Amino acid sequence: MSDLPRKAVTRTAKLAALPLGMAGRATLGLGKRIGGRPADVVAAELQQRTADQLFRVLGELKGGAMKFGQALSVFEAALPEEVAGPYRAALTKLQEAAPPMPAASVHGVLAARLGSDWRDLFLEFDDRPAAAASIGQVHHAIWHDGREVAVKVQYPGAGDALLSDLTQLGRVARLIGPLIPGLDVKPLIKELRSRVSEELDYGLEAQSQRIHAEEFADDWDIRVPGVVAQGDQVLVTEWMDGVPLSEIISGGTQEQRDRAGQLLARFLFAGPARTGLLHADPHPGNFRLLVDDGPAENWRLGVLDFGTVDRLPEGLPLPIGTALRMALAGDAAGVLEMLRQEGFVRASIDLDPAAVLDYVLPIIEPAAVEDFHFTRGWMRSQAARVGDPRSPAYALGRQLNLPPAYLLIHRVTLSTIGVLCQLDANARLRDELLEWLPGFAEAEDWAEAEA
């Protein structure tokens with residue numbers, strides 16, 4: 001495979017083949033069941049084959065298709081185990097790798113964007129990609145001053161491919177939806193489309209990464225690689241080793257899981273408070289745990305990829321922390337009024353404050369205790385509670401609204417919690433809320449009253 005497949009008809013055909021493949025396997029599975037094979041065995045085989053096809057196609061296409069797969073990957077912890085099991089390995093693989101762009105294409109982009117003498121900028125340049133992402137791939141190199149660097153090269157035609165893929169995925173969303181039960185696919189695709197232009201702009205990404213790198217330069221817990229150079233479709237940053245979170249999810253020690261989870265929670269809330277920016281792509285491939293021979297409390301979290309950010313000059317909105325504090329204090333009327341003010345409840349909707357509080361409290365359980373164990377089981381129970389049509393929470397949830405200003409914050413928060421559950425991490429989330437979330441600090445009074 002050379003560059004991103006350019007022709008819309010080719011990409012559309014590959015994506016359209018996904019639901020057709022599903023239908024064919026379902027027919028085959030029915031035949032096997034009629035033939036006497038156990039239904040659960042046949043179902044497991046179908047799930048595995050479907051997962052293999054889905055993520056192979058998404059990985060091959062890169063662009064919007066692969067980005068869609070990465071976005072789905074953070075929701076894996078909420079899926080029923082019988083569905084999540086066959087998908088987990090494929091999801092992890094998609095987060096970290098994709099078929100590489102040929103060296104000749106990489107050299108062409110570097111010559112076009114850094115100049116024909118681009119090789120003079122490097123003492124060494126490895127043509128083999130070290131990592132692949134949805135719109136580009138990363139190469140390891142040695143900068144002319146001896147520094148190890150990561151060179152991120154955008155795939156030729158990435159912009160057109162992103163828009164084409166997401167348009168086509170929107171058209172087949174109702175067919176892809178059954179692959180990921182309980183997830184509303186269309187809003188996810190719509191949101192991804194709205195962020196395409198920003199992520200394609202490596203100048204914006206460099207600016208966001210510089211802000212974070214400068215703010216966290218002397219931080220004991222978080223490390224962000226500095227920006228070395230930037231050109232259109234090329235971004236050169238400091239190289240960062242470390243253990244990818246995807247590897248910790250698949251086989252890390254509990255000590256690694258807990259430390260990574262704590263630091264991930266810290267970065268989620270400290271980032272906006274300290275930089276005015278929210279890192280908005282929290283899938284495991286964008287994080288590294290920097291482990292050394294010392295105690296776990298000295299390990300750091302490395303953060304990559306600032307292509308998608310939410311600009312929050314005042315940090316996370318004050319009403320989030322205020323409503324969370326009121327909910328933990330049992331102020332049902334106050335919570336409902338705050339939700340109305342912020343647009344989560346439309347003026348025409350009449351809700352029972354006690355029912356709203358009952359809806360919210362299980363979700364915010366991690367903020368109510370000193371230390372919380374994030375598990376797939378807990379995540380699945382929450383997803384089932386709000387997704388079961390027989391549940392009162394389901395009926396109430398359908399009456400709530402998500403204001404546009406909170407769309408990305410909502411997605412990032414849920415995605416981060418999903419990664420914490422994938423990590424199976426014990427984390428002191430309330431400590432981070434007390435320090436970094438505006439409006440929540442008064443919850444200390446509530447904690448003392450409860451004691």
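The axes of helix α13 (residues 318-328) and helix α14 (residues 332-342) come within 9 Å and cross at roughly 160°, where axes are lines fitted to C-alpha atoms, for helices over the stretch in contact, and angles run from 0 to 180 degrees between N-to-C directions. That makes α13 roughly antiparallel to α14, since angles under 35 degrees count as roughly parallel, over 145 as roughly antiparallel, 65 to 115 as roughly perpendicular and the rest as oblique. The crossing of the two helices is left-handed, a term that applies if the near helix is turned anticlockwise from the far one by less than a right angle, with right-handed used if clockwise. On the α13 side P319, T322, A323, M326 and A327 take part, and they meet G334, V335, M338 and E342 in α14, contact meaning heavy atoms within 4.5 Å. These residues divide into six nonpolar, two polar and one charged, with Ala, Val, Leu, Ile, Met, Phe, Trp, Tyr, Cys and Pro counted as nonpolar, Asp, Glu, Lys and Arg as charged, and the others, Gly among them, as polar.

The model is predicted, so that local features need pLDDT of at least 70 and side-chain atom pairs count only at pLDDT 80 or more, whereas totals for chains, interfaces and linings use all residues. Residues are numbered from 1 along each chain as its sequence is written, and side-chain values use heavy atoms, with hydrogens and water left out.

The chain holds 20 helices and 13 strands, which are DSSP runs numbered from the N terminus (helices H or I, at least four residues; strands E, at least two). Of its 451 residues, 53% count as buried, that is, under 20% relative accessible area, with exposed meaning over 50% and partly exposed in between (1.4 Å probe, protein chains only).

Another open sheet has four strands in the order β4-β10-β9-β7, and here the pairing is mixed. Strand β4 (residues 222-223) pairs with β10 in the parallel sense over two bridges, I222 standing opposite L301 in β10, whereas β9 and β10 pair in the antiparallel sense over four bridges, with R288 opposite G302 in β10. The pairing of β7 with β9 is antiparallel, over two bridges, and the bridge partner of V243 in β9 is L289. Helix α12 (residues 254-275) packs on this sheet, touching β4, β9 and β10, and its direction makes about 125° with that of β9.

The loop between β9 (287-290) and β10 (300-303) contains N298. At 43% relative accessibility, N298 counts as partly exposed. Leaving aside neighbours within four places in sequence, N298 is in contact with R259 and D292, and its C-alpha atom is separated by 7.4 Å from that of D221, 77 residues apart along the chain.

Key
Pairing = 2+ DSSP bridges.
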